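Below is a short report on a two-chain model. Look over the sequence and the coordinates before reading on.

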Amino acid sequence: MSIETTNSSAGEVKPEFWRWQENCWADESKDWRSAKVITVGIDVGSVSSQCVIVADGELYAYNSMRTGNNSPDSAANAFKGVELKTGLTLDDVHMVVGTGYGRVNVPFSHKAITEIACHARGANYMGGNSVRTILDMGGQDCKAIHCDDKGKVTNFLMNDKCAAGTGRGMEVISDLMQIPIAEIGARSFDVEEEPDAVSSICVVFAKSEALGLLKAGWSKNKVVAAYCQAMAERVVSLLERIGVEEGFFITGGIAKNPGVVKRIEKILGIQAVSTKIDSQIAGALGAALFAQTLVQKQGPCKPVALAA
Amino acid sequence: MSGLFDQFKTWYENRHDYARDWKARKGGTVVATMCTYVPEEILMAAGMLPVRVLGAHEPQNVTEPHIFGMYCPFSRDSLAQGLLGRFDYAEGVTLSHSCIQYRQTFNSWKLHVPTVKWDYYLPMPNQVQSKFAKTLHRAEVAKFRTFIEGVVGKTVSDDALRGAVEIINENRRLLRQLFDYRKETNPRVTGTEALYASLTSQFVDKEEHNAELRRVLAEVEKRDNSREEGIRFMTIGSENDDLAFMAMVESVGATIVIDDQCSGTRYFWNEARIQDDVIATIADRYCERPACPTKDYPTHTRYEHVLKLAKDYNARGAIFLQQKFCDPHEGDYPDLKAHLEANDIPTLFLEFDMTNPIGPFRIRVEAFMETLREDELF
């Protein structure tokens, strides 16, 4: 895979190993123009932003990209990506629901719903109505959620004040090890012997510890294996506080990292429910599905213009 | 929050200025009090102003040499206020025993705050349910009276004590009247307003506080019930004066209708029962008040008390505001949570620190509210 680069002020070209693949997709077998109800979910997270279009209750299109330096622009850019790909404009949309930490700063949304509720609803769509426990590993926080067969949250826990065990932590390690982030999972298994987890759960300290291990002669693969294990142990401790039921589903960017997912499954002794849908869009998908329900119950909303 | 409660807000935000001003006006002594088990009646009867030590919710770097790292943020924040000279007007400092962490705050305070001229540790029994507790506590309160008489250099008469009991009882009664408005549908008093009132009663001259409470109560009666209550919450924990948190909760479609906290109801809930012996009147009241977890054994009286509050005030859910490392409250949490949930009061647990992350807390509170709402989204 190609590695994107940035140019420093000194003209130095620096590869960005952490940069994950942004993705814009539309179901080309469908035509949104024939849909009766079109709703949009916008998830502005701390690291990534997504826009999901749901047409008559079915996933139609999405755009997943890195969050910019402000929430309103990130929300608008996420929508513009889908607009460009599908030709659909806000005038064609019956309701927009915002979610994520920037949910109250989506200028064209009609309602804000927490990402906890939205991830549960999205996981219910992606993994089916047997999903009961959701682990959302986001950019800067981590949530363990219980839901019922409709995807309604019945209990939840969030990590406290620390980005350890989250996507941003993995990005830091990716850059430090100079391993493209999409390859970290596979390479973490390319070790002769599974190492113990790095001892620190703090990203800053884990980074120092990883450097120390490299100096001690560890291979990069072994170091990322130790980091993946640490991340898995950390999120499992969160899950154990709330309890894990069968129908276990993982959302968020880290769900794409088999190095963490398989280790979580091994510790828990439970296989996560698989899906073909991008796990990173779960929040926005849930938001769009809530919008669909609200339109059916309350009628369509008047479109709000996209910020200039 | 409307202007009706502005005097309480002004007192709260300028509490040190208030105490200095009181000292200048009255010429009395100000005493820093730690924990709401301090029998304020004794201090008041001696012409002193008891000022409860509260934190400032700001980062500080002065307590590390003096208090253990795993002690609660309130004990650290309180000590910081002393070390930073914020209570330089307080000549005395006194603690009535409750938890060991706050005792360390007191010990460090009396050693390291240079403006302290005298200190008094009142060894109140924790097992207030013991048949010996009241006898012991009466004796300790009598000793405290004698000590204070030594400080002021004059007798603190029984009549002065009865006068103080009367004024403090009125304060308790007025606060309960104010809190009663929170039982209403679309309450005329919000949780933020009520907290300003109960917090300020812990450091404002009680006669002045009573006068303001009477004024506010007369005006509250004229208010309408137009503020949509949203979801009704109870808060549970130790001390909470994080008004930014309260305001956040009440800005997202909720109302905090009651609490079991020492910054709120536990401080003023029960009046002193008037007895012939004024020391017994004062001392027994502190043994009989709604218990803090440090004083709630072997029988756990709190659980039924908290549930009754939740039911009486029609709370839809309860939010535990758990001071990090507060062992007594953490010890109660699992059973109290189970008790509430078994009685259809769902709970949310938030860990409070010296400074609190309002944004992440908002996500938790809103998500909790979403779980409580009707199935409008499904």
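In which loop is B:F325 found? B:F325 is found in the loop between β7 and α14 (327-342) of chain B. Helices (H or I, at least four residues) and strands (E, at least two) are DSSP runs, numbered from the N terminus.

This is a predicted model: local features need pLDDT of at least 70, side-chain atom pairs count only at pLDDT 80 or more, and totals for chains, interfaces and linings use all residues. Residues are numbered from 1 along each chain as its sequence is written, and chains are lettered from A and ligands numbered from 1 in the order in which they are written.

B:F325 is not a glycine, yet its phi is positive, near 70°. B:F325 is partly exposed, with 19 other C-beta atoms within 10 Å. The scale is simple: buried means 20 or more other C-beta atoms within 10 Å of a residue's own, exposed means 12 or fewer, and partly exposed lies in between, with C-beta atoms placed from the backbone.

B:N314 also has a positive phi, about 55°, although it is not a glycine. B:N314 sits in the loop between α13 and β7 (317-323) of chain B. With 16 other C-beta atoms within 10 Å, B:N314 is partly exposed. The peptide bond from B:Y297 to B:P298 is cis, with omega near 0°. B:P298 belongs to the loop between α12 and α13 (301-312) of chain B.

## Sheets

Two strands pair if DSSP finds at least two bridges between them. In chain B, four strands form an open sheet in the order β2-β1-β3-β4, with parallel pairing. β2 (49-52) and β4 (118-122) of chain B stand at the edges with a single partner strand each, so one side of each has no neighbour in the sheet. The twist averages 25° from one strand to the next. Helix α5 (residues 100-112) of chain B packs on this sheet and touches β1 (30-34), β3 and β4 of chain B. Its direction makes about 155° with that of β3(B). Such angles run from 0 to 180 degrees between N-to-C directions, with axes fitted as lines to C-alpha atoms, for helices over the stretch in contact.

Chain A has an open sheet of six strands, ordered β3-β6-β5-β4-β7-β8, with mixed pairing. Its edge strands are β3 (23-26) and β8 (111-112) of chain A, and each pairs on one side only. Helix α1 (residues 71-86) of chain A packs on the sheet, touching β3, β4, β5 (48-55), β6 (58-66) and β7 of chain A.

| Strand | Partner strand | Bridges |
|---|---|---|
| β3 (residues 90-96) of chain B | β4(B) | five bridges |
| β4 (residues 38-44) of chain A | β7 (residues 95-99) of chain A | five bridges |
| β5 (residues 231-237) of chain B | β6(B) | six bridges |

B:G92 stands opposite B:W118 in β4(B). The bridge partner of A:T39 in β7(A) is A:M95. In β6(B), B:I231 has B:A254 as its bridge partner.

## Buried elements

Seven of the seven residues of strand β6 (residues 254-260) of chain B are buried, so the strand is largely enclosed by the rest of the structure. Helix α12 (residues 278-288) of chain B is mostly covered: eight of its 11 residues are buried. Its cover includes α3 (40-45), α6 (133-152) and α7 (158-180) of chain B.

## Core and domains

A nonpolar core is a set of buried Ala, Val, Leu, Ile, Met, Phe, Trp, Tyr and Cys residues joined through C-beta atoms within 7 Å. The largest has 198 residues, and those touching the most other members include A:Y227 and B:F233. Helix α6 (residues 220-242) of chain A gives the largest share, 12 residues. Domain 1 (5-128 + 281-298) and domain 2 (133-272) of chain A both contribute, so this core lies between them. Domain bounds come from an automatic or database domain assignment.

The centres of these two domains of chain A, taken over C-alpha atoms, are 24 Å apart. Their contact takes 18 residues from domain 1 of chain A and 26 residues from domain 2 of chain A. Here contact means C-beta atoms, placed from the backbone, within 7 Å. On the domain 1 side, helix α2 (residues 115-127) of chain A supplies the largest share, nine residues.

Technical notes. Contact = placed C-beta atoms within 7 Å.
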